[in-house]
Amino acid sequence: MKPQLITLHINGRTHALAAAPNATLLETLRDLGYVDVKSGCEKGDCGACAVLLNGEAVNSCMVLAGQADEATIVTATGLGTVTNPHPLQQAFADHGAIQCGYCTPGFVIAAKALLDTNPHPTELEIREAISGNLCRCTGYGQIVEAIQAAAEQMVPAEGGAR
Amino acid sequence: MTELQYIGKPARRVDALEKVMGKAKYIADRKLPGMLHARCLRSEAPHALIKKLDVTPALAVPGVRAVITSEDFFEHSLFGFPVKDEYVLAYRKVRYVGEAIAAVAADTPEAALAGVQAIVCELEPLPGVFDMEHALDPDAAQVGPDRPDDQHPNFLDLLIVRQADPLAEIEQCAVKLDERYSVGPQEHAYIEPEGALAVPTREGGVLVYAPNQSPFVNYGVLAMVLDLPHNLVRVIQPPVGGSFGGKDDQIYQMSAQVAKLALLTGKPVRLVYSREESLISSYKRDPMHIRIRLGADSDGTLRAVKFEGLMDSGAYASESTFTAWRGSIHAMGAYRYNACAVDIKCVYTNNGYYGAFRGFGNTEVCAGIEQAIDELACAVGMDPLDFRLKNCLHVGDRTAHGQILTESVGLPDCIKTVRRLSDWDRKRAAYANQTGNIRRGIGVAALYHGTSLGAEGADYAGSTIAVEQNYSIDLTSGLTDYGTGSRTVFTLIAAEELGVSPDRIHMQRPDTDTAIESGPTVASRSTMLGGNAARVAADNLRQTLDYAAADLLGCELHQLVRSGEAYVGPDEEPVAWERVVDHAREMGLALSAHGKWTAPRIEWDHHHGTGTPYMAYHFASQVAEVEVDMRTGVVQVVNFWAVHDPGKVIFPQGAYGQVYGGVAQGLGYALMEQITYTNGYLQETNFESYLIPTSVDVPEITAQFVEAPFSKGPYGAKNIAEPSMVPAAPAILNAIYHATGKRVRDLPANLERVLLGHDLAKGGSAKACKLGLKT
């Protein structure tokens, strides 16, 4: 099988690389050093490897690297920095939404995708939006709270346009 | 007591930002130059003799650097505590599907897989034992090791509790119950699969990074099986992506495999499991068959209990003898009895193997006894919550083991609080006579859970603390934080004790070269044992600083007061903490200290089944409200209340998180988490078949704490991690009964059991395992 030359725009950086036709986006991202994208099941069932692919949350284990050619990809490390975290990241930290932390980057990505399209989600909408992400530690309540808090903070309270 | 500054106050996890920013480097994220990739050859047979094992063809595979078998270890890699019956790599026999036989290190994962496939391994199948009820039949195949006595080799242990004669007592009771219950195995399902990374050292030793629960246990096993002096072994703890009891033995095996491969090749070697490999090869929560007999007077006074449990240990003992012991101690529930007998027997089979999992025996027995208590209350004609309140343990009561509870028993308050929070009485009446397709029910369970190891073994922990040049403080513990929040708990305790901001403190992850051996990180013992050690270490350091401050301020020790971090003497001029540190250094005082804490000695008589099993207990009561679809058997938990007595709460956000997460695991245990071994072959090999609760399965959980302080706990703290999950399943099962009028006595209460009252026959095969071991 011949490697395929592809270009990926990840967290604002452009990478040109040769990817094996059977290489998943998950493997490729991790090989490039984006190890905040976690591997949990490699079958699309746990959401630990979620990234934004052209703005949409996908399980990167279910996407071939070749399918992502020329795509814009955002991972959890691309959302903020330790000194300037994204409001979602700050809210996760403040609300106790993190225990072991392994699923956390995937949850932040799922939440970001939700708030990008639905800035005022109901609790049920939040729960549905993150239902493809498994967390074994928290029981989800503090994650839901964190997303609600971030949504409130990110959108101007009165009549603010997105 | 002076006002607490940090204990019990709002705080954030010390590792929160690192994790949410994606900066935390778990084992699979650590890559070193020249690192080799390891992979294991695993048994595809549940029970077989290894007739031939030739690794030389694997060594000829391009990229393969080394291959090891049990021959490469001391005593064929035999290990295990308290029963030494397990191997790092199988020796002569395999006893479960997925058992590691050989390990390969290669330049790439692909070459490692090719190496594994090139190994010549001939297995001669043996008859297997797949039904624990027949494990001790005279003609059952031998799974367990040879025994020195005349017991069946598949017999592992029998744990008992004895007080008077319960059967005679039950005979005299007006209301009797005799029922059978069962609980199935449960997978830990941490989202991070297991891994280990070994690096050879210049001195001829090995450094292992491993997400283990107990780095010092790993360290001991490594020195033993590698036949290395302890000073040549070092274990460092990376962040751990969840454990729940699961990253114990399995990680020690993996660590020894990569360590040996690193020593042979002179290169770093890493092994990381796929989800399939994790599910197939790792141990699970033990299944148990339970028979409970209870007797009460017609006024609802509980008089006697007889509990018989049969527990599957699977192919190896792992922690089963300890699990069964904790199970036996809690099997009768948190009630007063005149007479009690508990017998829990554990046996070997070829159904994978079973070990530690949150609750550790109590989760299993509680599912039985808390349903039985509910059924007995119903037979007496009492509200099940009133029945529990009437019979539950109070301060001054004697437990079924003969222990007088002298303090810290918050159970009556827990039950009363959960009654109020859940609006119990109104709902209990409102849901009494429903007829529709969708029916609601509400159920309760009560709990007690012994703190720390109890009479299982020596119970101690240690901490170190030091002031650094930049006035920050380094704190260590020999106990790990695998997600529980214990690093934050230790930080808050040290900050409180020293009177400095928690931001100054850097709570390290354990490194066996710098931390103090503290026993295993198990049994929800971190807050009490590790917390006390951190408290003592910080107190020792504070004494030194107090002397320096008194010297600097020209006063007596008792004249010192604190204003924030600053020291204030008689002239009322505050002196910054940093100045006191500088002065201590000028005085030549060492600004580092150790702290060690040992639990009070307690005794349990295994032969007579009496004694003091634990120094203190956690108490709790949980209420579940469910909605059952009578047409499909679907159960949705719609509300949940959990009221716990963990003693003083040190880190509230973390403690609530433990409760929410524990309840969610209990919900999965109650309703959906099913592990099936068909002739020894696991059927659920990834998350598409092993279902754990998602965000739409877990309701909003209301948690509250009743803080009955324990005099020997740090600031009065006891424990929280395990107890949070234990009563959830029976509360849900009792709620299902309230909704439907039908008891489901076998866990999990899946759709078939709820709808039909029995399982549907399902085929099973070796296919999922065989495929899973090749991916």
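**Entry 1: chain A against chain B**

I looked up the polar contacts across the interface of chain A and chain B, and the rule finds 27 residue pairs, both partners at pLDDT 80 or more. A polar contact is a pair of N or O atoms within 3.5 Å; within protein, one must be able to donate a hydrogen and the other to accept it, and residues adjacent in sequence count only if both atoms are side-chain atoms. I note that this is a predicted model, where local features need pLDDT of at least 70, side-chain atom pairs count only at pLDDT 80 or more, and totals for chains, interfaces and linings use all residues. Residues are numbered from 1 along each chain as its sequence is written, chains are lettered from A and ligands numbered from 1 in the order in which they are written, and side-chain values use heavy atoms, with hydrogens and water left out.

Next I checked salt bridges (a side-chain nitrogen of Lys or Arg within 4 Å of a carboxyl oxygen of Asp or Glu). I found six between chain A and chain B. One of them pairs A:Lys38 with B:Asp29, and their closest N and O atoms are 2.4 Å apart.

Which elements of chain A supply at least two residues each to the side that touches chain B? I noted helix H1 (25–31), helix H2 (87–94), helix H3 (104–117) and helix H4 (123–129). Helices (H or I, at least four residues) and strands (E, at least two) are DSSP runs, numbered from the N terminus. H2(A) gives the most, with five residues. By class, this side of chain A has 20 nonpolar, 16 polar and 12 charged residues. Here Ala, Val, Leu, Ile, Met, Phe, Trp, Tyr, Cys and Pro count as nonpolar, Asp, Glu, Lys and Arg as charged, and the others, Gly among them, as polar.

I then read the extent of the interface. Contact (heavy atoms within 4.5 Å) takes 48 residues from chain A and 54 residues from chain B. The buried area is about 3800 Å², and carbon and sulfur atoms give 57% of that. Buried area is the accessible area (1.4 Å probe) that two parts lose on being put together, summed over both.

**Entry 2: backbone of chain B**

I looked for cis peptide bonds. One joins B:Phe81 and B:Pro82, with omega about 5°. B:Pro82 lies in the loop between strand E4 (78–79) and strand E5 (86–87) of chain B. Another joins B:Leu747 and B:Pro748, with omega about -5°.

B:His76 has phi near 55°, and B:Ser77 has phi near 75°. Is B:Ser77 buried or exposed? B:Ser77 is buried, at 0% relative accessibility, while B:His76 is partly exposed at 23%. Buried means under 20% relative accessible area, exposed over 50%, partly exposed in between (1.4 Å probe, protein chains only).

**Entry 3: domains 2 and 3 of chain B**

I took domain 2 as 31–126 + 194–272 and domain 3 as 284–454 + 604–768 of chain B; the bounds come from an automatic or database domain assignment. Their centres, taken over C-alpha atoms, are 36 Å apart. In contact are 20 residues of domain 2 and 18 residues of domain 3. The two bury about 1600 Å² between them. B:Asp85, B:Tyr96 and B:Phe244 lose the most area on the domain 2 side, together 31% of what that side buries. I found zero salt bridges here, but 11 residue pairs in polar contact.
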